[in-house]
Amino acid sequence: MTYLRNGHAFALVLLTTGGGAGFATHARAATGDDNAARIEGLNRQLHDLATQVEDLKRSQSAQYADLRKARDGDVRVSLKGGRPAFETADGNFSAELRTLVQFDTAYYGQGHAPAGIDFSSGNNFRRARFGIDGTLFRDWSYEFIYDFGGSGSETSSISSAFIQYDGLAPFHFRIGAFPPPGSFDDSTSASDLLFLERAQPADLARSIAGADGRDGISVFAYDTNYFAALSYTGGVVGDSPVFDEQQGLVGRIAYRVWHSAEGNLAIGANASYVFKLGDAAPGPNSPHSFRLRERPELNVDSENIRLIDTGTLDADNIWQWGVEAAGNWRNFYGQGGYFGFNVDSGVGTSGSPSFDGWYVQASWVLTGEAKPWRPEKGAFGLPKPENPFTFGEAGLGAWEIAARYSVLNLDWNAGFPGAVLAPGGVRGGEQRIWTVGLNWYPNSAIRFQLDYQHTDVSRLNNAGAGIGARLDQVSLRSQLSL
């Protein structure tokens, strides 16, 4: 049947059982083939799109890897606390330039002194250190510091030059020239000392087998509460030549027994043992000797005069021990210790003199800052000014007052005034020092220290006559530390 509509012919097919059913089946088959073709085309397009996405991912990944590799090789430059520092982006390598300059001015007022002793007032670059430290391949660190300062017979020399492995934390291994860890004062950086010099017993202890520029090997470990170190040491860089260097051990342990937001308390013990003294002559029977002496806690005098001195002592070995405590409560700080010294000549107790010394010191930061505990040293550091000095904003920096009393006794079986020294006795003298100080920290890099000291020495010569001394000292230090 055919209809005409709008000028077009339309055929109406009446489907019946028979020919009509066959035609419908054929139509459905044709439609299925078209759908399958379209699906296959879509699948090919999806596959092509997925391939393009994967290619794009690989390209972007390669570009990112190249960019990351390039960035890892970049060097970051900073001025941390005013100190130039360089570090690669991957953290494997770093270098920091270090500077410590201490310019001292002092006046010595001699109330009484032995004939021929005249302390020299004046100026001195106590330390003028420049160098570099940093890391290598992440697990290694290094330091090289050269000191151009000193007074009198002291000459420019290496302060530290070592490499260190840090990949087995908390253990660290160091070899080279460095000050092996000893007492609290010894483990405190020269830039962080409370006074111009360390307390005399602690300074004498570090001179036996430690001090700056000491050749050695050290293993140490620490965490937030403990510090422990053992060092094998030899001679000091720049020492007078000997046929065989001395050999010794230096050990230290410190533990922070209490800490809170308000303060810290730490105790410590240290010891040095020289089991082989330097040979003064060739051969197996070389004589050995040792000398204990100490300056009056100020090193400006150009002659390096010592008012207490044991003179040369025959010795087979030397040992020293000390116990200390240090702590702070908010902006108050206190520290003290006792030290013993023994010189063994190998000829019985009468030929093995012993000496001792002790000190106490304290400070109060007037502006409220507290001294921080430094676990990597097992000691305390300097207060950081909360308001650095500036005229523009009326900052005052940090102000600190401090006091110390120290005693060092180098007498052994010294006898009485007017009596001749008995065999085996030592009249090295006893030195007592009062010190008061005022410290100003304009900022974290600059520091000024004004100290007054009163030194009183009791000593007899071999004939029993008094050769003691009385000394008043006023000193000022200007310091730059980066």
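A charge is taken to sit over a ring if NZ of Lys or CZ of Arg is within 6 Å of the ring centre and within 35 degrees of the ring normal. The structure is a predicted model, in which local features need pLDDT of at least 70 and side-chain atom pairs count only at pLDDT 80 or more, while totals for chains, interfaces and linings use all residues. Residues are numbered from 1 along each chain as its sequence is written, and side-chain values use heavy atoms, with hydrogens and water left out.

**View A. Arginine charges over phenylalanine rings.** Arg174 lies over the face of Phe178, at 5.5 Å from the ring centre. Arg252 is placed over the face of Phe184, at 4.9 Å from the ring centre.

View B. Helices (H or I, at least four residues) and strands (E, at least two) are DSSP runs, numbered from the N terminus; two strands pair if DSSP finds at least two bridges between them. Strands E3 (residues 75-80) and E4 (residues 83-88) are antiparallel and share 6 bridges, with Val75 partnered by Thr88. Their hairpin has 2 residues between the strands, and Gly81 in the turn has a positive phi of about 60°. E4 also runs antiparallel to E5 (residues 94-112), joined by 3 bridges; here Phe86 has Ala95 as its bridge partner. In this hairpin 5 residues separate the strands, and Gly91 in the turn shows a positive phi of about 80°.

**View C. Strand E13 between its two partners.** E13 (residues 263-276) pairs with E12 (residues 247-259) in the antiparallel sense over 12 bridges, and Gln247 stands opposite Lys276. A hairpin with 3 residues between the strands is formed by E12 and E13. E13 is also antiparallel to E16 (residues 317-329), over 12 bridges, with Ser272 facing its bridge partner Gln320.

**View D. An aromatic pair between E17 and E20.** Rings of Phe, Tyr and Trp (its six-membered ring) pair if their centres lie within 6.5 Å; planes under 30 degrees apart count as stacked, over 60 as edge-to-face and the rest as tilted. Tyr333 and Phe380 form an edge-to-face pair, 5.2 Å centre to centre with 65° between the planes. Because Tyr333 lies in strand E17 (residues 332-344) and Phe380 in strand E20 (residues 379-380), the pair ties together parts that are 47 residues apart in sequence. Buried means under 20% relative accessible area, exposed over 50%, partly exposed in between (1.4 Å probe, protein chains only). Tyr333 is buried at 5%, and Phe380 is buried at 5%.
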